[in-house]
Amino acid sequence: MSRINYNLNLIRGIAFDVDGVLSPSTIPMGPDGVPLRMANIKDGYAIQLAIKAGFKICIISGANATNIAVRFSSLGINDIFLGCSHKLPVLQKWMKDNNLQAEEVAFAGDDIPDIPPMRSIGLPVARRDAAQEVKAIARYITGCKGGYGVARELIEEILRLNGTWMADATAFGW
């Protein structure tokens, strides 16, 4: 039984915003003015495990920093879209390119730019401390804050339900 009120067996693709979802909303600035983002190790573990299980994963962010691409490509994500001022067209193209229907996709977001893509898919997910407008349209609100396990919570729930969480030896390594 899932805590998420959605048929998780339908999910084949998951899209994530970065700032405020996969990293906290408050981002320290480096001496050169470039934001220094934190990354949650448990999120990373869950993401790479989902990819090994055959799920399509993508990053769609308004941010445009090479450190984001480095981090998420190291986990096996091939579809990383940065500098997206409008996320919906990017999400729609990614879905088309991966033969994904709206009901087969989850999108985790936290702020106003995430609303259009969240409205266009089957499972819109918001973090616990997301903007009220985002939480109002979410089908699931995580128990954790952005940057502190949003991806892990969502992916673990999906993989547990379909029987691939810790199902074989691939679960015990990177």
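Predicted model: local features only at pLDDT ≥ 70, side-chain atom pairs only at ≥ 80, totals over all residues.
## Helix α1 and its surroundings

Helix α1 runs over residues 41-52 and so comprises 12 residues; from its first C-alpha to its last it reaches 17 Å, which is close to the 16 Å expected at 1.5 Å a residue. Just after α1, Gly 54 adopts a positive phi of about 100°.

The buried residues of α1 are Asp 43, Gly 44, Tyr 45, Ala 46, Ile 47, Gln 48, Leu 49 and Ala 50. The elements that cover these buried residues include the strand β2 (56-60), together with the helices α2 (66-74) and α6 (150-161).

## Ser 2 in the segment before β1

Ser 2 is found in the segment that precedes β1 (13-16). With a relative accessibility of 17%, Ser 2 counts as buried, because the cut-off for that class is under 20%.

Two polar interactions involve the side chain of Ser 2: one reaches the backbone nitrogen of Ile 4 at 2.9 Å, and the other is a polar contact of 3.0 Å with the side chain of Glu 157.

Asn 99, although not a glycine, has a positive phi of about 55°. The residue lies in the loop that links α3 (87-97) and β4 (105-109). The relative accessible area of Asn 99 is 57%, and Asn 99 is therefore exposed, the cut-off for exposure being over 50%.

Met 166, likewise a residue other than glycine, has a positive phi near 55°, and its place is in the segment after α6. Met 166 counts as partly exposed, because its relative accessibility of 47% falls between the cut-offs of 20% and 50%.

How values were computed:
Residues numbered from 1 in each chain as written. Heavy atoms only, no water. Helix = DSSP H or I, 4+ residues; strand = E, 2+ residues; numbered from the N terminus. Expected span 1.5 Å × (residues − 1). Buried < 20%, exposed > 50% of the residue type's maximum accessible area, 1.4 Å probe, protein only. Contact = heavy atoms within 4.5 Å. Polar contact = N/O pair within 3.5 Å; in protein donor to acceptor, adjacent residues only side chain to side chain.
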